[in-house]
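I opened my notebook beside the viewer today.

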Amino acid sequence: MSLKSKPAIVIAIDGPAAAGKGTLSRQIADAYGFHHLDTGLTYRATAKALLDAGLPLDDEKVAGKMAREVELAGLDRDILSAHAIGEAASKIAVMPSVRRALVEAQRAFSLRQPGTVLDGRDIGTVVCPDAPVKLYVTASADVRARRRYDEIVGKGGEADYGAIFADVKKRDERDMGRSDSPLKPADDAHLLDTSEMSIEAAFRAAKSIIDAALKRQSSENSEIE
């Protein structure tokens, strides 16, 4: 097997909001020299495009068309993190045509060489079920709400912990309870609970899992050759 014919390595990272998977995913991508995609931003980008064009958020046909036109190379995290965009994204994310279009784009992204790190809610279960490395990053709702509160206050904003905690719980229920691609760990995913972990400790734990999986995959490829 030639080097060019080897498939790209995919690291699939799933988990609920504010569990730390975004920060962890970016660190992993940097460490291995892989491409990174926060798949949640693809839904936010679709929602922003609809808002910017003054289009309705309840028209699945229109939303699906917009989803097919999203450019993954131009996703600006700072702009797309706006609360209004997040609210709009939650409304279109349940639409099957939107999910199909974005999953197709995400799968195409996962083929980039030499490897990719995709984080989201359904990477290991739906987008890249054959990924050789799957992590499910989680933390208690209280810890996740506290992190989000600290982040907002740390940036000089005002925040209500109670409201943030309620929002985290509501989002968990919506993500885990939806009929299409619900949030859940893949059967072969490694569980990483970051409730009591620093980001450095979480990274070390993740790297240990990834290194072992890549070593195993390399050994299997050598046997095939």
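My entries on this structure follow below.

**Ground rules.** I am working with a predicted model, where local features need pLDDT of at least 70 and side-chain atom pairs count only at pLDDT 80 or more, while totals for chains, interfaces and linings use all residues. I number residues from 1 along each chain as its sequence is written, and my side-chain values use heavy atoms, with hydrogens and water left out.

**Entry 1, the record.** I checked UniProt: an unreviewed entry annotates residues 11-201 as "domain: Cytidylate kinase". Such positions are given in the numbering used here, feature names are shortened, and annotations may be inferred rather than shown by experiment. Over residues 11-201 I read 53% helix and 13% strand, with the end C-alpha atoms 18 Å apart. Helices (H or I, at least four residues) and strands (E, at least two) are DSSP runs, numbered from the N terminus.

The contact (heavy atoms within 4.5 Å) takes 14 residues from domain 1 and 12 residues from domain 2.

How much area is buried between domain 1 and domain 2? I noted about 1,200 Å², of which carbon and sulfur atoms give 48%. Buried area is the accessible area (1.4 Å probe) that two parts lose on being put together, summed over both.

Side chains of opposite charge can pair when their charged atoms come close. The rule I used asks for a side-chain nitrogen of Lys or Arg within 4 Å of a carboxyl oxygen of Asp or Glu. I counted 9 salt bridges in the structure, and 1 salt bridge across the interface of domain 1 and domain 2. I also looked at D38 and R77, which form a salt bridge with the closest N and O atoms 3.0 Å apart. This pair links distant parts of the chain, 39 residues apart: D38 is in strand β2 (residues 35-38) and R77 in helix α4 (residues 77-80).

Which peptide bond is cis, with omega near 0 degrees? I found the one from Q113 to P114, and P114 sits in the loop between α6 (96-109) and β3. I also flagged A18, which has a positive phi of about 65 degrees although it is not a glycine. A18 is found in the loop between β1 (9-14) and α1 (21-32).
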